[in-house]
Amino acid sequence: MRVLILGGTKYLGRHLAEHALQAGHDVTLFNRGRTGTDLFPGVPRLIGDRTADGDPAGLTALGTGTWDTVFDFSGFHPRQVAATAGLLAPRIGQYVFMSSIAAYPHSAEAGRSEDAKLLLAEPDDGEYGNLKVACEQAAEAAMPGRATSVRAGLISGPGDPFGAFTSWALAMAGAGVVPCAARASQSVQVTDVRDLAAFLLRIGTGPFNVMPPPMTFAQMLDTCRRAGGGTATVKWTQDENVDDLGGFIVQPRDGSDDGVFQLSGERARLAGYRPRPFAETARDTIEWALRTKATFTYPH
C-alpha cells in the first residue's frame, strides 16, 4: 500500500510507521517537522501545520500525491479534518481517523458496541469527546463510505509518552505502598499500541472499538507487580482527590462510569484485531520505561 500518516513521529504514528515499513508498504509522513526528525531516514516527509488558523499554506504540501490509505492521528478539530479529508478525497482510497472512546457518553452500561449512542457533535470550541464525534462526521462527510473511525481509550506499550498506565506499572514494579483512588473492582481496558498499529494496517470499513477484554483495576495492578517483579502493595483509598491519584482512568467511586472501560471490541476482533496477553504489555512497558529512565507524574 501507499500509506500517508498525518503525524507519525510521536507514539502511535511512530509504531504504525514502523509496522508499515516492516511490511513493505510505501510510507509518507506529514507533520510540522518538530519532533522525531531523525526517525525513518529515507521516508518522504511533507511539512505543514494543520493548526495554523486561516493559513492556507498549512496543507500546501498535501496538494499533490496519491495514497491508498491515510491515517489521521493529528486531527483534533473538525475544521482540520474537513479541510484535510476534503483536499485528499479525490486522490486517496480510505481515510482512517483516530477517534476515542470519549465519543461515547459516560455510562455504567457494559458491553456497548460501535452502534451505541454518541455524544453530540460540537464545533471547534467544544469538549474533547464532542470534538471527536464532530471530527468523525467531518471525515465521513468528505469521503462517504470511505472514512473509518477508530475508537480506543488507554493506549500503552513501549514508547508511551503520557504515563496514564505506565506510571501505575512502574509503581507496582517497585516497592512500598501505592495509593489508588480507584475501586479494586473498577473495570479498565488497556490497548497495546503495537496491536493497534498492526490492526490499522488491515482495517476495513468502521467504526471500530479497538479494545481488549476488560479486567479489574486490582487485576491490572497485580499483573504489573508480577510482570515487573515488584513487591509494592496497594492502598485502596477513596478519601483523597481522584485527579491526584491516577488521572482519567480512575472513575467515580459510585460506579456510574464503569461502562467507559467495558466497551465491546468484538467487531474489531472479527476484523482481525488480536490483543496480546496483558502480562506481555505490562512486562514490555516496564522494561522499556526502566531502560529509558522514563518518568511520569502519576501516581502521586
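This is a predicted model: local features need pLDDT of at least 70, side-chain atom pairs count only at pLDDT 80 or more; totals for chains, interfaces and linings use all residues.
Let's start with H1 and H5. Two packed helices are described by the angle between their axes and the distance between the axes. Here, helix H1 (residues 12-22) and helix H5 (residues 193-200) have axes that come within 9 Å and cross at roughly 55°. Angles under 35 degrees count as roughly parallel and 65 to 115 as roughly perpendicular, so H1 and H5 end up oblique to each other. The crossing of H1 past H5 is right-handed.

Who touches whom? The table gives the residues on each side.

| Helix | Residues in the contact |
|---|---|
| H1 | Leu 12, His 15, Leu 16, His 19 |
| H5 | Val 193, Arg 194, Leu 196, Ala 197, Ala 198, Leu 200 |

By type, the residues of this contact split into 7 nonpolar, 2 polar and 1 charged.

In soluble globular proteins, nonpolar side chains tend to be buried together. In this model the largest nonpolar core has 30 residues, and Ile 5, Phe 71, Leu 196 and Leu 200 have the most contacts inside it. Strand S1 (2-6), H1, strand S2 (26-31), strand S5 (92-98) and H5 each give two or more residues to this core. H5 supplies the largest share, at 5 residues.

Leu 200 is worth a look on screen. Setting aside neighbours within four places in sequence, Leu 200 is in contact with Leu 12, Leu 16, Phe 71, Phe 73, Val 96 and Val 150.

Apart from that core lies another, of 29 residues, including Val 178, Cys 224, Ala 232 and Ala 282.

How values were computed. Residues are numbered from 1 along each chain as its sequence is written. Side-chain values use heavy atoms; hydrogens and water are left out. Axes are lines fitted to C-alpha atoms, for helices over the stretch in contact, and angles run from 0 to 180 degrees between N-to-C directions. Helices (H or I, at least four residues) and strands (E, at least two) are DSSP runs, numbered from the N terminus. Angles under 35 degrees count as roughly parallel, over 145 as roughly antiparallel, 65 to 115 as roughly perpendicular and the rest as oblique. A crossing is left-handed if the near helix is turned anticlockwise from the far one by less than a right angle, and right-handed if clockwise. Contact means heavy atoms within 4.5 Å. Ala, Val, Leu, Ile, Met, Phe, Trp, Tyr, Cys and Pro count as nonpolar, Asp, Glu, Lys and Arg as charged, and the others, Gly among them, as polar. A nonpolar core is a set of buried Ala, Val, Leu, Ile, Met, Phe, Trp, Tyr and Cys residues joined through side-chain atoms within 4.5 Å. Buried means under 20% relative accessible area, exposed over 50%, partly exposed in between (1.4 Å probe, protein chains only).
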